[in-house]
Amino acid sequence: MILIIGGAYQGKLDFAKSALGVRREQVFTCTGRELDFSKPCLYGLEEYCYACVLAGVEPAEEFVRHRDQWKDSILICQDLSSGVVPMGAELRQWRNATGRLCQYLAGQADRVSRIFCGLEQRLK
Amino acid sequence: MTFLISGGAKNGKSGMAQNLAVALARGGTHYYLATMIPVDEEDRERIRCHVADRAGMGFETIECGRDFQASLKDADLSATFLLDSVTALLMNVLFDPANNYALDIPAAERCADQLEAFARKAGNVVFVSDYIYSDAQRYDESTETYRRLLAEIDRRLARVCDVVAEVSAGQAVVHKGAWTI
């Protein structure tokens with residue numbers, strides 16, 4: 001599994017396409033709690049995390065449960081970790097749950113790439 | 001050489017960029033492209049601090065608040081330029097004061113084109129931007145548009161600049177090129 005993280009608009013998906021050969025039809029874009037592991041690339045995991053928080057579910061635990069389905073995937077998640085502690089409880093839980101998921105996935109990943117201004121910084 | 005320096009607030013980007021621009025100039029002309037348009041006394045105080053910080057470094061200041069291309073019409077392209085910051089310039093351009101600060105996206109796109117073209121043709125430039133992309137917030141549409149457009153400029157500049165660095169606690173993490181002058 002390859003984990004791609006980075007801030008908003010940094011070019012994470014573009015990197016998956018240009019450097020890892022991901023095609024548009026291979027990308028599942030998260031908009032809620034649904035995940036389609038039949039696609040090799042899952043994009044926007046932070047939105048999946050947000051939906052999990054609203055539903056009272058821990059996203060990292062969900063990923064542990066489905067480990068065999070994503071172990072060869074490319075997973076893309078926005079880094080939400082570096083702002084002021086959000087005022088809203090939901091946003092705080094969102095940030096925490098997304099951080100826990102990224103830590104778990106980074107531990108499992110063969111490669112972790114952080115994208116900064118469109119450039120790859122290899123973290124693992 | 002062309003440099004893009006970004007990173008979080010108050011990490012030393014401006015000071016590092018000023019020293020870099022002076023070194024790149026090797027005694028020649030170096031311009032400071034000032035992007036802040038003061039609206040109150042707090043802004044004027046910040047500008048006074050910035051001017052004091054640069055005193056003795058030999059910069060020629062060019063006011064570059066809104067129209068990037070026009071402000072450079074008399075400048076010597078073979079000189080060294082420090083633009084601090086892309087963030088402030090885009091803010092001035094995108095939110096149009098003549099139209100109740102409504103979003104002027106075409107103006108922002110023109111500004112992005114001009115910045116990239118300038119990075120391609122000028123010899124020595126240091127661009128300073130701000131990394132504002134890793135927080136857990138849901139912003140309103142105009143703020144989100146601003147973030148997206150700033151990131152697009154950052155990425156376009158990162159593509160054409162020789163060196164891209166992220167400054168953290170006054171230290172440069174180099175993402176592209178080699179920091180040698």
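How many disulfides does a search of the whole structure find over all chains? The structure is a predicted model, in which local features need pLDDT of at least 70 and side-chain atom pairs count only at pLDDT 80 or more, while totals for chains, interfaces and linings use all residues. Residues are numbered from 1 along each chain as its sequence is written, chains are lettered from A and ligands numbered from 1 in the order in which they are written, and side-chain values use heavy atoms, without hydrogens and water.

The search returned zero disulfides, a disulfide being a pair of cysteine sulfur atoms within 2.5 Å. For A:C52, the closest cysteine sulfur belongs to A:C49 and lies 6.2 Å away, which is too far for a bond. A:C117 likewise takes part in no disulfide, the nearest cysteine sulfur being that of B:C161 at 9.9 Å. A:C52 is buried, with a relative accessible area of 0%, and A:C117 is also buried, at 2% (buried means under 20% relative accessible area, with a 1.4 Å probe and protein chains only).

Helix packing was examined in chain B. Two packed helices are described by the angle between their axes and the distance between the axes. Helix α4 (residues 86–94) and helix α6 (residues 141–160) of chain B pack at about 130°, with axes 10 Å apart; helices are DSSP runs of H or I with at least four residues, numbered from the N terminus, and axes are lines fitted to C-alpha atoms over the stretch in contact, with angles from 0 to 180 degrees between N-to-C directions. α4(B) and α6(B) are therefore oblique to each other, since angles under 35 degrees count as roughly parallel, over 145 as roughly antiparallel, 65 to 115 as roughly perpendicular and the rest as oblique. The contact (heavy atoms within 4.5 Å) involves B:V86, B:T87, B:L90, B:M91 and B:L94 of α4(B), and B:Y146, B:L149, B:L150, B:I153 and B:L157 of α6(B).

Key
Buried means under 20% relative accessible area, exposed over 50%, partly exposed in between (1.4 Å probe, protein chains only). Helices (H or I, at least four residues) and strands (E, at least two) are DSSP runs, numbered from the N terminus.
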